[in-house]
Each structure stands twice: as C-alpha cells, then as structure tokens.
Amino acid sequence: MIKKQFFTILIVSQFIFLSGQAQMKYDFSAIDQLWPIINTLQQDQEPIDEIWETLFKTPGYAALLKYELSEAFFKKHLRLTYKPSMKTNKQELLAANNRYILHYDKLLSYKDSILVFQAQFKNTEIVNQALQLTSEYLTPEMLKNAPSTPLAFILFDRDARGGYGPIIFDIIFVLDKKEKATSLFAHELHHGYRMLNMAYDEEKVELKHDNLLQALNWLQQEGIADQVNIPSEYILSLAKKNDEWAINYQRKIDQSPDIIIKLNMILNNMVVSENNLAELGRELVSNIPQSGHPTGDYMVEKIIKYLGKKDLIETGGNPFAFIYLYNIAVKNDMTLPFFSKQVITFLHEIEKQYVKQPRFDLVKKAYI
Ligand SMILES: [Zn+2]
C-alpha cells in the first residue's frame, strides 16, 4: 500500500517537471479582441471605448504602447483599413504604398491560418519543437526552470520586439515566416532561459559597468541564440541563392575582425582610465552593430570551430567567459584579432566582483 502511494507520487512529480520544462507562456488576447473590433468597423460603426480599452490593455499592446506608437495611431489605421466610409482615403494610402494600411489590410485573409496557428500553440506542438531546438544550446540544468516571459501576438508592423516585457510578435510577420517561425521562438526562448541562468546578479552591477556588461551580453546572447535560428551555414546557403538579406548580413559578419580590433582598443582605454568607464562603456556599445548579432555570430563560429560547443553552452550565462573562450579559440589561428592580455586581466577583475564562480581556469588559457 505504502509502496503504491510512493509510486504514484513519483509519477506525478515527474509529470510536473516535464510539463514545467515545456512551458512557454503565450498570449493571443489581442488577436481575439481584434476580430469583433474589425467586425464593428466593417459595419461603419465605432467600437465603444471599453472595447478599445480592452484591446490596448492586452499584454502585447500595453507593452508596445509604453515605448512606441499610440492608441490614436492604431484607432486611426484600423478605421482607415476597415470602415467603408473611409474607402477613398484608404485607396489613396494604398496607392501611396502606406505600409501600415497594406499590412493591416491583410489580416482578414490570414484569419483561418491564425486560428490554426493558435490551436497548434495550445497543443504545445510549436512550443515543444521550439524547446527542442533551443535545448541544443542549453545544459539540462539550465532547462530546469521555464522562463516566465510570455510571447504576445498582436498586429502592428512586419516585425517583432524584445525587451519591452513580453516578447511581441506581429501575427502576420510570424505566419509569413512559416516553418522559420518555430526557430524564431526558439531564439527568443533561449534569451529567456539565459536570463534565468545568469552567472551574476544584474541588480548588483554598478552604473559604471552597466554598458560594458551590456556590450558583452549582447555579443554572447545573440551570438549563441542565432545558432538556433540563423546559423552561419543557413546564412551562407541563402547568400548563395542571392537572398538580399543574407548577403547584407554576411557582409556585416565579415566586418567583425575590424569591430573586434576596435572593441579591444576601447577596452584597453578602459584599463588605463578607470574614471572614464561609463563613457567608454557607451562607446563600446555604440561600436557593436545590430545589438551584437553579426559580431556575436562571428565569435561563436570561431569558438565552435576550434573548441566545440560544450564550454560555450556551459558558460552561457557568463559574458566574461565568452571573451575568454573566443581568445582561447583564436590561438589556433593567429591571423584573427584577439583581446589583449591587459583586457583579459581587466575583465577578470570585474568578473571576480560580480560572478559567484569566476572562471580562473579559462582566464589562464585566454592570455595571448
Ligand atoms: Zn535575440
């Protein structure tokens, strides 16, 4: 009897653990709210204030409105797109290629695929696929707790936004990405897991080190997360097919050696001017293109090429270790730019201030 009870408890707790792993919060409330609003507008009527308010209070719109665009903007563009009495204005804007009207006008033709997509999300099919992709760049330990950042789907522009609280995706943008949408979620999911597994407490970072840490985090977080959805082989294969985005992106990756030389120079300046750390930190951030994506990709590619993935993944929450690993990797090809010994020592001093388990072992190997 006792044995049986014990067995049941074991099964239950294992189930909770597994379902905890697969959890990714998502929010479609804005999309659900848009259908009745469009319906009212199509009848040339105005939704009552409470209905608009409910839309703008959904997590995705609430977060976006805090930082960009306005309630008036959305009301105006939805009215123009869907109210029959505004048809002449709409036609003029469409003729002028107004990107918002063009975009919002597509929503109804996407309705069926949006409903299918929502159902797939609720079945956790997409969530599990995304989790599987992202788990290739996380240790089992890092996967223990699921991130609480929800993915919020709204209609706003052909784009996505991170860093506003929930991760905001435009629903049409996502559906146009087709099978690549899952790997895009996997990329964002990687950021979520990384945040839960940081090697230091971000709240404790002194103001003078803020930008320096941001720069290092950008390189590490985007460099690794990009392996999930846009690894270098993928970009190269697209570039070979003359894909304009891939050609431009590859060009930015190819500029990385010059950028690394510049970053090393700024870091060297930090070593000798302790009083100027905040300003030099800002300079560091401003010299990293596209929030770290192309330069981070370049550095990760060198680390994987010469050291493999293991250390890269295990130190995924320690941005200092990322620089050490890059230096250790490029020892195999001294034509590549590297970070100076003074810079490594300087970074290690800051690492010791914040990181609970500083990587003494890697620092020694990182000296060139
Ligand atoms: Zn990212």
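Trainee: Leaving aside its neighbours within four places in sequence, which residues is Y324 in contact with?

Mentor: In this predicted model, Y324 touches I344, R359, L362, V363 and A366, once neighbours within four places in sequence are set aside.

Trainee: Which residues have the most contacts inside the largest nonpolar core?

Mentor: In soluble globular proteins, nonpolar side chains tend to be buried together. Here the largest nonpolar core has 77 residues, and those with the most contacts inside it are F153, I154, I171, Y324 and L325. Helix α19 (residues 319-330) supplies the largest share of this core, 10 residues.

Trainee: Why does this core lie between domain 1 and domain 2?

Mentor: Both domain 1 (1-197) and domain 2 (202-366) give residues to the core, so it lies between them.

Trainee: How do helices α12 and α16 pack, and at what angle?

Mentor: Helix α12 (residues 210-229) packs against helix α16 (residues 277-286) at an angle of about 25°, their axes being 7 Å apart. Angles under 35 degrees count as roughly parallel, and therefore α12 is roughly parallel to α16. Their crossing is left-handed. On the α12 side, D210, N211, L212, Q214 and A215 take part, meeting L277, A278, G281, R282, L284 and V285 of α16.

Trainee: Which residues of helix α4 are buried, and what covers them?

Mentor: In α4 (residues 59-67), the residues P59, G60, Y61 and L64 are buried. Their cover includes α2 (29-42), α3 (49-56) and the strands β1 (26-27), β2 (151-154), β3 (160-161) and β4 (167-170). After α4 comes L69, with a positive phi near 60°.

Notes: Residues are numbered from 1 along each chain as its sequence is written. This is a predicted model: local features need pLDDT of at least 70, side-chain atom pairs count only at pLDDT 80 or more; totals for chains, interfaces and linings use all residues. A nonpolar core is a set of buried Ala, Val, Leu, Ile, Met, Phe, Trp, Tyr and Cys residues joined through C-beta atoms within 7 Å. A residue is buried if 20 or more other C-beta atoms lie within 10 Å of its own, exposed if 12 or fewer, and partly exposed in between; C-beta atoms are placed from the backbone. Helices (H or I, at least four residues) and strands (E, at least two) are DSSP runs, numbered from the N terminus. Domain bounds come from an automatic or database domain assignment. Two residues are in contact if their C-beta atoms, placed from the backbone, lie within 7 Å. Axes are lines fitted to C-alpha atoms, for helices over the stretch in contact, and angles run from 0 to 180 degrees between N-to-C directions. Angles under 35 degrees count as roughly parallel, over 145 as roughly antiparallel, 65 to 115 as roughly perpendicular and the rest as oblique. A crossing is left-handed if the near helix is turned anticlockwise from the far one by less than a right angle, and right-handed if clockwise.
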